[in-house]
Amino acid sequence: MKVLKKEKLFANSSYKKLFISSTGASFGDLFDMFAVMTLFTYVWHANSLWITLIPVAYALPSILLSQAAGNLADRYDKVQLMFLSELVRLLFTCLLFFTNEPLLALGVLTLRSMGSVMKVPAQLAYVREVVKEDQLLQASTLQNIMFQIAKVVGPFLGSAALTITTPKACILVNAAACMISIGVLFSLKKAGKNIQGQAARSSHQVKETYSNGWKIVFQHSILLRAVILFHLSYFVVMLVDAQISIFLRDVLPHHPEMLGWLLSGIGLGALATGVYLNRKKQVHHPFRLLSLGLLLFGGALFFISCFNPAVMSRYFILIAAPIGGAGVGLNLLLTISFKHTATRNTSEKCTDSLTP
């Protein structure tokens, strides 16, 4: 039965094109992020402060503008928003290729993130319009799995590419991925479902939707805890991703490819956790699993901190990567599931079990 469902889903040409576009963009983004980390760490020899600002440049615009972007995605043509977002991403990616200073690079990254913030909410809204209701979970799961695969393959291919080329060439790979995504979106039919009615929503309704969203969060303790856990976990992961490159530069200064291998190992652990949770119909005691995720992630960091290149092979450090990735996967996936479950059941009594 699962095979039949997948065939029906990919028989939907609109979803298939969107899937190709988002998958290519995910691979390009991770190639790009690995290239940026390598440039800052090994080429420009930036200090820890500059490297800490890299995840801020990537994530802060999304955090600040995601709510407004979601409202715009509900009101305007989704395909046009995704198309414009990819054009902006291509423009600033090309500018990043010609940037040779950390400060300018951070500015370009921030502007690119601001211009790209519309893509995800527009993509999610478009999927809801072109995919049948009983296939929405499958569609979102497939895209999430491909993103996790990209987190494994992207940095690994980036590490392999560094042996024969430069980090700037990896940025060009992202530019090429942007162009492929733009080409696919150009051929995609515009979403015409309820656009006029959605565009007619007043600014008062938009503000009311925004305020109601935050009211729901603060009125339900389980949802508030999930939101806090999600952003805390995300902040810690991004902080470690930034500083781990400094650590590797200090202990293994002549092996920049180790950064990509380590990130691939983390992605592999997160992918395995996602596949495991996706197979389970129900997860009991999710807060215990969240605690386990923090324990795994903390244990992996402790393991890495004990690495001594004088007495250990450099490959020994890679053992901790899947363990830490599994912890990251448990935290992020379960917390996202908490948010969706609590939102869906705000009128019901929350229990200590959920369906991921």
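How many disulfides does the structure hold? The structure holds zero disulfides, a disulfide being a pair of cysteine sulfur atoms within 2.5 Å. The views below show a predicted model, in which local features need pLDDT of at least 70 and side-chain atom pairs count only at pLDDT 80 or more, while totals for chains, interfaces and linings use all residues. Residues are numbered from 1 along each chain as its sequence is written, and side-chain values use heavy atoms, with hydrogens and water left out.

View 1. Cys-94 is partly exposed at 34% relative accessibility, whereas Cys-178 is buried at 0%. Buried stands for under 20% relative accessible area, exposed for over 50%, and partly exposed for values in between (1.4 Å probe, protein chains only).

**View 2. The tilted aromatic pair of Phe-83 and Phe-186.** The structure holds six aromatic pairs, and this one has 6.2 Å from centre to centre and 45° between the planes. Rings of Phe, Tyr and Trp (its six-membered ring) pair if their centres lie within 6.5 Å; planes under 30 degrees apart count as stacked, over 60 as edge-to-face and the rest as tilted. Phe-83 belongs to helix H4 (residues 78–97) and Phe-186 to helix H8 (residues 167–186), so the pair ties together parts that are 103 residues apart in sequence. Helices (H or I, at least four residues) are DSSP runs, numbered from the N terminus. Phe-83 is partly exposed, at 23% relative accessible area, and Phe-186 is exposed, at 67%.

**View 3. The edge-to-face pair of Phe-97 and Phe-98, with Lys-168 over the face of Phe-97.** The ring centres of Phe-97 and Phe-98 are 5.1 Å apart with the planes at 90°, so the pair is edge-to-face. Phe-97 counts as partly exposed at 24% relative accessibility, and Phe-98 as exposed at 63%. Lys-168 lies at 5.6 Å from the ring centre of Phe-97. A charge sits over a ring if NZ of Lys or CZ of Arg is within 6 Å of the ring centre and within 35 degrees of the ring normal.

View 4. Leu-53, in H3, is partly exposed at 32% relative accessible area.

**View 5. Val-56 in helix H3, and Phe-235.** Val-56 is partly exposed at 38% relative accessibility. Between Val-56 and Phe-235 the C-alpha to C-alpha separation is 9.3 Å, and the two are 179 residues apart in sequence.

**View 6. His-45 in the loop between helices H2 and H3.** His-45 is not a glycine, yet has a positive phi of about 50°. Helix H2 covers 13–43. His-45 counts as exposed, at 54% relative accessibility.

How values were computed:
Helices (H or I, at least four residues) and strands (E, at least two) are DSSP runs, numbered from the N terminus.
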